[in-house]
Amino acid sequence: MTRPIGKDVLNILIFAALLIWLMPMMISTYTLTVLVIYGMLGLSLGLIWGFGGILCFGQAAFFGLGAYTYAIAAINIGESTIPMILAVLVPAAFAALLGAVMFYGRLTDVYLGVITLVVTLILFKFVNSTAGPQYVIGKARLGGYNGIPGFQTLNVPGDPNAYIWGDPYFYVCTVALVIVFLLVTWLLQSSFGRIAIGIRENETRMSLMGYDVAARKTVLFAIGAAIAGLAGALFANWGEIVTPGLFSLGQSAEIIIWCIVGGLGTRFGPFLGAVGLAYLKFMLGQQSMIDNTLITGLILVLFVLFLPRGVVPAIASLWKLSFGRAGRWPQRSNRRRARHG
Amino acid sequence: MAETVLETHGLTMRFGGVTASDNVNFKLKARELRCLIGPNGAGKSTFFKCVTGLLTPSEGQVFMRGQDVTGWQPHQITALGVGIKTQTPNVMDALSVHENIWLSARRFHSTVEARERAEAIIDRLALGSIARTELGQLAHGERQRVELGLVAVSDPWLVLLDEPAAGMSAQDVDQMTEIIHELTRTAAVVIVEHDMQFIRSIAETVTVFHQGAVLMEDHVDRVMSDQTVRSVYLGKKA
C-alpha cells in the first residue's frame, strides 16, 4: 500500500546478499541454481494467482515454452543473448494471445483452469510426438520425447566462447531472481499492481469503475508468462537439455502446490514454497523407501487442512501476535504487510 | 431547457420466452432525480442492467448525452462519466476503505490527485474513523456508504443506483438520502427502489414499471394515490 518502497527494496537486497553468501556453504551451487530457478517459477504463478486472481493450471507451459524457445534459438543463432530475450518474449506473446481469448471471452475461473490445463496437455503431446526428422525449426530438431540436447549454453554477451557455468552461473541466476523480485515489488506498488489486486477482489466493481478488466488481466497474465519463460531458459541452461517433461501436468501441479504451501497473496510465499518443496524433493530423490510424490501430496493435504493460508502468512500472523500485542512494536502501520506481500 | 442525459428507445430484453423489459421509452434530464418502482419481476433491474451494460438489450437503443451506447461494455459506459451502484454491495472486501475509494478515483486522475480526492470523499461521507479498515469487516450500512463513495469520487454526471437503501437502518437511510441529494447538485440520479418510505422521502418524479413496461410516470404524490399503481402493488384488480 502506501508503505515506503525504499525500505522494502533494502530488505530484499540484504536478504538476497545473505542468501548468496550463506547458502553455498550448506548446499552445492549446482542444486542451489535449480532451486533459485524454481523459486522464480513459483513467483511467476504467485504473481498472477496471488495478486491477479488468475488460477493458471498451465504455468509449466510457459516454463517449457521458454526453455524450448531458448534451445531452438540457441542452436540456430549460436550465441545466447538473443535466445534469452526470445525465451522471455515468446511465452509472453503466447500468453497475451491465450489470455486475450480467455479474458475477452469472459470465461469464469473454472473454464480458465480447464483451458490452461488443456493447452499444457496439447503442448506436451505435440512436443512428445516430434521425434521424426521432419520436425525441424531452422537447424534445430525438436527431438520428440528425447528432447533437444547440445545447444549453446549461456555465454558472456557478444563472446560465444566465454561460457557462464558452475558458480558464476549460480550468481547470474540469483541476480536475475533478485531483479525479477524487485520488478514484481515495484509492479505491485504501482497503480497497475493495486488495480490488479482490486480486480482480484471484485471484477464487477472494477469494471463498473471504468477499468478494462480483460485488458489488464491479459497484461498481467503475459507478465507472469514472461517470468516463467525466463525461468525456463535458465533451467535449459542449467540442465543443458530440454525435454517434453517440462510441459507435463505434474510440473504444473507442483507449481500450484508451491504457491499454496508457501502462501498466496505474498511475494515471498510462492518463492519459499518452491525452494523448500523442490529441495525436499531433491532429498527424497536420494532414497528409495518412499515415493516423493506421496510426500508432496501429504504435505499439500496437511497444509490445506491445518495451514490453509500457507507458511508466510502464518509466520506473519505469529510475528504480529508476539510483537503486536506487546504494544511496544513501533511499526503498527505495517501490520497488514502479509496481505500485500 | 436542461439537456437529456439518458434516453432509451423501445428498449426490449427477452430471456427465452420471457420478456423482462418491454418496449421501454425513458428520458432523463440533467440533474434530475428519478425513482423507478414496481413490484418484484416488473423489469426494473433488467432495465437497469441494460442501461449499465451488464446486459445487451434484445432490441432498442440506449443513448447517453446523445451518444448511442447500446451494447457497450460497463467499463466503456462508466468511462463516459457514469457512476453505477449494483443491488448487492460490490466492493473489494480485502482492501481498506481508503484503497477502495482510491482505486475508483485513480481511473480518471493521477496517483496524487486520486489520493486527495479519496481523502476528500472520506471526509464528506464521515468515513474517517474506518478509513483503514478492510471492507470485509464493516457493517452492511457502512459498506453501502463506501460504495456510494466509490461512485461519488469519480464526479459522475449520471448516477444509477440499484436499491441503495436495501437492508439499512433508519439512521443509515437518512445519511444515504443526504448523500443522494448532494449528488443531484451535479448529476442526474436514477434510483431503483422497493422501499416506499424511502421513495416518499426522496423522490420527485417516479416511473412505475409493471410486467416489463412503463405503467405510469408522474410526480410521486400522484403516483402514490393512483388506483392502478396501488392495485399493481397490492395485487388487486383495478
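# Notebook: strands, loops and the interface

I started in S8(B), where B:Ile191 is the bridge partner of B:Leu161. Five bridges join S7(B) to strand S8 of chain B, residues 188–192, and the two run parallel. I then followed the chain out of S7(B). The chain passes through H6(B) on the way to S8(B), and this β-α-β crossover is right-handed. I note here that I am working on a predicted model.

**Other side of S7(B)**

I looked next at strand S6 of chain B, residues 82–85. Four bridges join S6 to S7(B), again in parallel. I picked out two pairs. B:Ile84 stands opposite B:Leu160 in S7(B). B:Gly83 has B:Val159 as its bridge partner in S7(B).

**Is S7(B) buried or exposed?**

I checked each residue of the strand. Five of the five residues of S7(B) are buried, so I log the strand as mostly covered.

**The six-stranded sheet**

I wrote down the strand order of the open sheet in chain B as S6-S7-S8-S3-S9-S10. The pairing in this sheet is mixed. S6 and strand S10 (213–219) of chain B are the edge strands, each pairing on one side only. Neighbouring strands are turned by 15° against each other on average, direction ignored.

I also asked what packs on this sheet. Helix H1 of chain B, residues 44–52, does, and it touches strand S3 (33–37), S6, S7, S8 and strand S9 (205–210) of chain B. The direction of H1 makes about 145° with that of S7(B).

**The four-stranded sheet**

I turned to the other open sheet I had listed for chain B. Its order is S2-S1-S4-S5, and the pairing is antiparallel. Which strands stand at the edges? They are strand S2 (18–29) and strand S5 (67–68) of chain B. Each has a single partner strand, so one side of each is left without a neighbour in the sheet. I zoomed in on one end. Strand S4 of chain B, residues 59–64, pairs with S5(B) in the antiparallel sense over two bridges. Here B:Phe63 stands opposite B:Asp68 in S5(B).

Most residues other than glycine have a negative phi. I logged two entries that go against this.

The first entry is B:Ala126, with a positive phi near 55°. B:Ala126 lies in the loop between helix H4 (111–124) and helix H5 (140–152) of chain B. I counted 10 other C-beta atoms within 10 Å, so B:Ala126 is exposed under the cut-off of 12 or fewer.

B:Glu163 lies in the loop between strand S7 (158–162) and helix H6 (170–183) of chain B. Is B:Glu163 buried or exposed? I counted 21 other C-beta atoms within 10 Å, and the cut-off is 20 or more, so B:Glu163 is buried.

**One residue in chain A**

I looked up A:Leu13, which sits in helix H1 of chain A, residues 5–26. A:Leu13 has 13 C-beta neighbours inside 10 Å, so I record A:Leu13 as partly exposed. I also took one C-alpha separation. A:Leu13 and A:Ala162 are 149 residues apart along the chain, and their C-alpha atoms are separated by 28 Å.

**Where the chains meet**

I moved to the interface. In this model, 18 residues of chain A are in contact with 18 residues of chain B. Helix H7 (191–201) and helix H8 (203–208) of chain A each supply at least two residues of the side that touches chain B. H7(A) gives the largest share of that side, six residues. By class, this side of chain A has seven nonpolar, six polar and five charged residues.

**Confidence**

I ended with the predictor's own scores. The complex has an ipTM of 0.88 and a pTM of 0.90. Chain B has a mean pLDDT of 90, and 97% of its residues reach 70 or more. Among the elements of chain B, helix H3 (residues 97–106) has the highest mean, 96. Helix H9 of chain B, residues 227–234, has the lowest, 82.

Methods. Residues are numbered from 1 along each chain as its sequence is written. Chains are lettered from A and ligands numbered from 1 in the order in which they are written. This is a predicted model: local features need pLDDT of at least 70, side-chain atom pairs count only at pLDDT 80 or more; totals for chains, interfaces and linings use all residues. Two strands pair if DSSP finds at least two bridges between them. Two residues are in contact if their C-beta atoms, placed from the backbone, lie within 7 Å. Ala, Val, Leu, Ile, Met, Phe, Trp, Tyr, Cys and Pro count as nonpolar, Asp, Glu, Lys and Arg as charged, and the others, Gly among them, as polar. pLDDT is the predictor's confidence in each residue, from 0 to 100. A crossover is right-handed if, with the strands pointing away from the viewer, the path from the first strand over the helix to the second runs clockwise. Axes are lines fitted to C-alpha atoms, for helices over the stretch in contact, and angles run from 0 to 180 degrees between N-to-C directions.
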